[in-house]
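The sequence and structure are shown first.

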Amino acid sequence: MNFPSLVLLAFAMSTDAFAAAIGKGAAMQKPRLLQALRIGLLFGVIEAITPLIGWFAGSVATKWVSEWDHWIAFVLLLVLGGLMIREGLSDEEEEASPEPQKQSLVKLALTAVATSIDAMAVGVGLAFVDVSILEASLLIGLATTLMVTIGVMVGRMLGGIVGKRAEIIGGVVLIGVGAAILYEHIGA
């Protein structure tokens with residue numbers, strides 16, 4: 001997997017956290033840049049750790065599935081991308097709180113873990129392709145930190161509109177990365 005694909009993957013992995021950050025930012029009273037950066041760092045660190053966990057689990061299985069590895073990565077990314085698109089197209093709206101909320105560290109961490117589960121599954125898929133997992137995890141963590149920080153800052157202005165579109169775009173990018181992996185192995 002080449003560097004531009006890794007960057008696209010990293011930003012695709014950050015879109016669900018970005019969508020959650022918009023919601024968090026909308027619930028906060030006048031979020032400051034330092035608050036947004038702290039939230040971004042929390043999400044980024046968690047999002048960087050989960051693909052490592054998935055990669056280690058996938059690496060154990062590599063010797064048994066090496067002939068099918070590109071198909072496994074493709075299917076995982078296709079399913080995750082499809083789920084993100086479905087979530088982005090759903091009509092469900094998150095309940096909006098009528099008054100600003102203070103964000104607790106525990107709630108933020110739980111949200112970060114919930115939005116990083118897909119990164120763990122991507123880590124499993126990355127174990128089957130030629131990629132530096134440390135580089136991929138670092139890029140995913142940095143992209144998530146940046147996107148969550150931005151998401152918190154613009155959350156009050158944009159609300160749920162951009163959040164849904166971000167999920168759709170992220171899903172399409174994941175499917176594209178999966179297709180590129182498949183093409184790279186079949187075309188080679």
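A cavity is a set of points, on a 1 Å grid over the protein atoms alone, where a 1.4 Å probe fits but cannot get out; lining residues have an atom within 4 Å of a point. Grid points are joined across faces, edges and corners, and a volume is the space filled by probe spheres set on the points.

The model is predicted: local features need pLDDT of at least 70, side-chain atom pairs count only at pLDDT 80 or more, and totals for chains, interfaces and linings use all residues. Residues are numbered from 1 along each chain as its sequence is written, and side-chain values use heavy atoms, with hydrogens and water left out.

The chain contains 6 helices and 0 strands, helices being DSSP runs of H or I with at least four residues and strands runs of E with at least two, numbered from the N terminus. Of its 188 residues, 45% are buried (under 20% relative accessible area; exposed is over 50%, partly exposed in between, with a 1.4 Å probe and protein chains only).

**Cavities**

| Cavity | Volume | Lining residues |
|---|---|---|
| Largest | about 40 Å³ | Leu9, Ala73, Leu76, Leu77, Val122, Gly125, Leu126 and Ile181 |

Around the largest cavity, helix H3 (69-89) and helix H4 (105-126) are the elements that give two or more residues to the lining. The lining of the largest cavity comprises 7 nonpolar, 1 polar and no charged residues, where Ala, Val, Leu, Ile, Met, Phe, Trp, Tyr, Cys and Pro count as nonpolar, Asp, Glu, Lys and Arg as charged, and the others, Gly among them, as polar. For the second largest cavity, helix H6 (residues 160-187) gives the most to the lining, with 4 residues. By class, that lining has 4 nonpolar, 1 polar and 1 charged residues.

Helix H1 (residues 3-27) carries Phe11, which counts as partly exposed because its relative accessibility is 34%. Phe11 forms a nonpolar surface patch with Leu146 and Ile150, with about 250 Å² of accessible area together. Patch residues have over 30% relative accessible area and no salt bridge, and nonpolar side chains (Val, Leu, Ile, Met, Phe, Trp, Tyr) are joined within 5 Å; a salt bridge is a side-chain nitrogen of Lys or Arg within 4 Å of a carboxyl oxygen of Asp or Glu. Accessible areas come from the Shrake-Rupley method with a 1.4 Å probe.

Gly176 is located in helix H6 and, at 37% relative accessibility, counts as partly exposed. Gly176 and Leu8 are 168 residues apart in sequence and 9.3 Å apart in space, C-alpha to C-alpha.

Key:
On a 1 Å grid over the protein atoms alone, a cavity is a set of points where a 1.4 Å probe fits but cannot get out, and a pocket is an open set with protein on both sides within 12 Å along at least five of seven lines; lining residues have an atom within 4 Å of a point. Patches are made of residues with over 30% relative accessible area and no salt bridge: like charges are joined within 9 Å, nonpolar side chains (Val, Leu, Ile, Met, Phe, Trp, Tyr) within 5 Å.
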